[in-house]
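Hello,

Here is the structure I promised to pass on. Please open it first, then read my notes below.

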Amino acid sequence: MQMTNGEKYILRVRNLGVKFKVRDRELTAIRNVSMDFERDKVVAIVGESGSGKSVFTKTFTGMLDNNGHISQGEIWFDGEDLAQFKSDRNWLKIRGKKIATVFQDPLTSLNPVRTIGFQISEVIMKHQGKSRAEAKRMAIELMTRVGLTDAENRYNEYPFQYSGGMRQRIVIAIALACRPEILICDEPTTALDVTTQAQIIELIKDLAKEYGFTTIYITHDLGVVANVADIVAVMYAGQIVERGTVEEVFYDPRHPYTWGLLSSLPQLGDASQELFAIPGTPPSLFHKVVGDAFAPRSEFALGIDFEEEPPMFKITDTHYAKTWLLDSRAPKFEKPELIRDLHEKMLALTSKGGVYGSND
């Protein structure tokens, strides 16, 4: 499935599997996942902690932990199958240079004993072959572009002299230093207050338009998703269980797990009632999953959900969901009342400035 630069999709994943060795046991973190990523689009991957979101995207840059490996499948990017890469030498031409990542905690990404300017310049010199003087000039330009005032004088400051929001801006500047084609944002606003969260989200949106990269958001915050995404993929227990445009997934969700996630939006809560929470816990991926992994937690589960894994049903050309409820033989269920008028509720939240979700 080799790709050319003129194709609609910048990245194509087929039948991907990822396994980890943990204390002489094997954990299957990603289970037969396929997905296409369009050029210049914003894709959000959502789901609970442990659903496989970060592991999935780490395979795009060869950053799995040492005890993990790709057990099956293909990852096609720029005419190459990244799933076949076996060494750091292979990844040097991809990681950072063509596919970059912004992590949720900037303190883990920044060297505390190196100046901010040096850390940006170092990336430019390494990946673009620029002189130190030219790299410094470009670093100052990037610092200014991501919103740092008086960047020339702040070039020699250290990470501890910056707030959390400013450190995150620096991490974004480092990620953009090589003009990547794909920017992966792994929970980039989790540790920030709501106001700074909004500023960082707007910054990434503006930079994506300016530099023309594809953005992949990893998040549990559906408020963020509603504000930034073109395409949404919902992950559960190492699989994508629903994907579609942001309008389709928010306003016409079809998988019971998506219903649960949307019902859990704190913005939809009523002061007189308890917030909705999905009952139960995800399955252990040390064991083979039989049937639909979400069935034990779902009030909409059918008998077949406990016996046979559902296929991915096509709803529209862009909308798919992995649930037996979409089989023509299945009984018809209404989605939960709380999310039946979600479009109107989200519009109301937008008008109040409350679309960025919680800060948990």
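Two strands pair if DSSP finds at least two bridges between them. Keep in mind that this is a predicted model.

Start with strand E9, residues 231-236. E9 and strand E10 (residues 239-245) pair in the antiparallel sense, over six bridges. Look at Met235: its bridge partner in E10 is Ile240. The hairpin of E9 and E10 has two residues between the strands. There, Ala237 takes a positive phi near 50 degrees.

E9 also pairs with strand E3 (residues 42-46). Four bridges join them, and the two run parallel. Ile45 stands opposite Ala233 of E9.

Is E9 buried or exposed? Six of its six residues are buried, so E9 is largely enclosed by the rest of the structure. Both faces are covered. Ile231, Ala233 and Met235 are buried on one side. Val232, Val234 and Tyr236 are buried on the other.

Now the helices. The axes of H6 (residues 164-176) and H7 (residues 194-211) come within 10 Å and cross at roughly 15 degrees. Angles under 35 degrees count as roughly parallel, so H6 is roughly parallel to H7. Their crossing is right-handed.

Which residues meet there? From H6 come Gly165, Gln168, Arg169, Ile172 and Leu176. From H7 come Thr196, Gln199, Ile200, Leu203, Ile204, Leu207 and Tyr211. By class, this contact of H6 with H7 has seven nonpolar residues, four polar and one charged.

Best wishes

Methods: Residues numbered from 1 in each chain as written. Predicted model: local features only at pLDDT ≥ 70, side-chain atom pairs only at ≥ 80, totals over all residues. Heavy atoms only, no water. Axes fitted to C-alpha atoms, helices over the stretch in contact; angles between N-to-C directions. Parallel < 35°, antiparallel > 145°, perpendicular 65-115°, else oblique. Left-handed = near helix turned anticlockwise from the far one by under 90°. Contact = heavy atoms within 4.5 Å. Nonpolar A, V, L, I, M, F, W, Y, C, P; charged D, E, K, R; others polar. Buried < 20%, exposed > 50% of the residue type's maximum accessible area, 1.4 Å probe, protein only.
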